[in-house]
There are 2 protein chains.
Amino acid sequence: MDVKQSRKYTVKEISALAGVTVRTLHLYDRIGLLKPSYRTEKRYRLYGEKELLRLQQILFYKELGLPLAEITDILEDPDFDLVKALEGHRKALESRKERITEMLATIDKTILNLKGKMNMTHEELYAGLPKEKATAWQKFAREKWPLQMKHSEQTLLKMSKEQFSKLQEGFKANIVALATLLHYAPESPEVQNEIAVHYQYIQQFWGRPENIGEAYKGLGQLYVDEPLYTTVNGVANPDFAVFMKAAMDYYVDTNL
Amino acid sequence: MDVKQSRKYTVKEISALAGVTVRTLHLYDRIGLLKPSYRTEKRYRLYGEKELLRLQQILFYKELGLPLAEITDILEDPDFDLVKALEGHRKALESRKERITEMLATIDKTILNLKGKMNMTHEELYAGLPKEKATAWQKFAREKWPLQMKHSEQTLLKMSKEQFSKLQEGFKANIVALATLLHYAPESPEVQNEIAVHYQYIQQFWGRPENIGEAYKGLGQLYVDEPLYTTVNGVANPDFAVFMKAAMDYYVDTNL
DNA sequence: CTATGCTATGACCTAAGGTAAGAGTCAAAT
DNA sequence: ATTTGACTCTTACCTTAGGTCATAGCATAG
C-alpha cells in the first residue's frame, strides 16, 4: 500500500537520469529549487520520483532560458502568472536576439571592410599587376613567407582609416621619390636613404621576422620578374625594376 | 613642436567622452586593457589622445560582443588573427541566435498550449457567461478566496491533450447527468453522488488538489446570480442554477 | 579654511555552475 | 577484518563585466 515507498535515487543516479551534474543538484538544493526528499544519517541526499519529476519541470523551464530564481517562483507558487512571465521573458529574448542580429551585421560589415582594405593594400603594394597575378603572388608569398603575410594582414586590418591612407600615401610618395633617383647608382647614399624608407614601409606590412632580409630581397626579385609591379604613373618601367632590385639587395647586404 | 604634449584627460573626462563609467576605466586599467598614459603624484589616472583612440577601438570590439580578454589580445598582439577571430565569434553568435530562436519557438508553443487550455477551461466553467462577467467574477473570487480560487496554470500545462479533453468530456457528461436529476432533492444521494463528481472536476479545472469548499460555494452562488451561466443543452435554466447551488452548498457543508 | 566634488583602493555582489581539496562513507574484494 | 575504489559531503575559489557601496585622500572655489 505504501505508494510513497517507491524508489529512492542518489545524486549520481539522478544526475545520470536527468543529464545534469551532481554539482547542479547541490546547487539546486542550496537555493531551494530542488530539495531531496530526505537525507540519510550521513547527510546523503536521496530523491524520490516526485523530485525527479520536478527536475524535469525545472529543466523544461531552464530550456526556455528562464533564470533559476524565476523557475523557483513558478514551481513554488501555484498562483504564479505563468503566461505573463513567459510573455515577458519572450520579449527579453526577442531583444537579445535582435541585439545579436545587429552584432552579426556589424561583424559582417567589419569583415568585408577588412577584406576590402586588404585588397586595396595589395593593389597598392603591387600596383599595376592584374588581379589574377596579384592573387597568384599572394598565394606564392603566403607559401614562401607565411609569417610575413599573416603579419601584414593583421597589421593592415587593425589600422584606422587615417593611419591606413597615410601609409598608402607615404608609400606612393616613396616610390615616386625612388623613381626620380633612377639615374643615381643603387648604392648611392641618396638612393639608399630612400630605400631605407621603402624598407620601413615594407616592414610595417611584414613586421620584423628573422628572415625578413631574404623576403625583402624576394620582393626585389619579384619586381624584376613581373615588370608590371613597377609601374609609375601607369607606365611600366623594367629599368626601374632592375634598379630597385639592386638597391634593395645592396641595402639588405650592407644593413641587415 | 611637442605634438605628443597634447591634452590630458582625467577619468571623469574620459568617461564622459567615451560614454563609459569610471569603474569601467578602473577595470580596464587593472586587466591591462587600457592603461592611463601616466599617473600623477597622487596616483590620479591621466589619459592622452592615444588612449582615447584605443578606448574607441575597445568599444567597437565590445559592441561586436567580443570578450575583453580577446579584445586585449587583438589590440596587444599584432599577429593576432583578427579575421579568424571575428569569423569564429560570428559562428558563436550565430549559434546563440539559433538557440534563442529555439527558445522562442518553445515559449510560443507553451504559451499557446497554456492559453488554449485556459480558454477551454473558461468555456467549460463559465459557458454562456460573457467574458467580462467571467473575468469580473474571477477577479472577485480571487480576492475573496485567494488560496482556493486562483487556479494553477502549472497543472493545466502538465495535462496532456488527451487528459484534458477527457476532463472536458467528463465534465460535460456530469452536467448532463445532473440536469437529468433536476427533479430529485439536492440532498438526495443520487444528486450528491453526481455533485461529488462535479466537485472533483471543478477541482481539476482549478488545478487545486486541496480543499476549495468556500470557492466552490461561491461558484454555486454565481450560478444563481447569473442564470445564463447554467445552460443545459444550450438553454439557460434558472431552476437548474438554484438546484445546483443547493446541492453544492449541501455537499460542502456535509462533506468538507 | 572649509565645503564640495573628484579620485583611489578595496570589498562584496551578480548567474549558473566548474573545478578542486579534504574528509567521510559505502560496498565489494581480499 | 581490512583495504581499495567509488561515492558523497562541505567548503571555497573561479568565471564576466562591471555595479554598488565604503573609506579615505586630494583639489578647488568661495
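The side chains of A:Arg90 and B:Asp108 form a salt bridge with an N to O distance of 2.5 Å; the term stands for a side-chain nitrogen of Lys or Arg within 4 Å of a carboxyl oxygen of Asp or Glu. Three salt bridges are found across the interface of chain A and chain B. The model is predicted: local features need pLDDT of at least 70, side-chain atom pairs count only at pLDDT 80 or more, and totals for chains, interfaces and linings use all residues. Residues are numbered from 1 along each chain as its sequence is written, chains are lettered from A and ligands numbered from 1 in the order in which they are written, and side-chain values use heavy atoms, without hydrogens and water.

Between chain A and chain B, seven residue pairs are in polar contact, both residues at pLDDT 80 or more. A polar contact is a pair of N or O atoms within 3.5 Å; within protein, one must be able to donate a hydrogen and the other to accept it, and residues adjacent in sequence count only if both atoms are side-chain atoms. On chain A, the elements that give two or more residues to the side touching chain B are helices H3 (49-63), H4 (68-76), H5 (82-125) and H7 (146-158). Helices (H or I, at least four residues) are DSSP runs numbered from the N terminus. H5(A) gives the most to this side, with 22 residues.

In total, 40 residues of chain A contact 44 residues of chain B, contact meaning heavy atoms within 4.5 Å. The area buried between the two chains is about 3,800 Å², 65% of it from carbon and sulfur atoms. Buried area is the accessible area (1.4 Å probe) that two parts lose on being put together, summed over both.

Of the atoms of DNA strand C that come within 4 Å of the protein, sugar and phosphate account for 77%.

| Residue | Protein atom | Distance to a phosphate oxygen of DNA strand C |
|---|---|---|
| A:Tyr28 | polar side-chain atom | 3.0 Å |
| B:Arg39 | side-chain N or O atom | 3.3 Å |
| B:Arg45 | backbone N or O atom | 2.5 Å |

H2(A) provides the largest share of the surface near DNA strand C, four residues.

Notes. A residue is near a molecule or strand if one of its heavy atoms lies within 4 Å of it.
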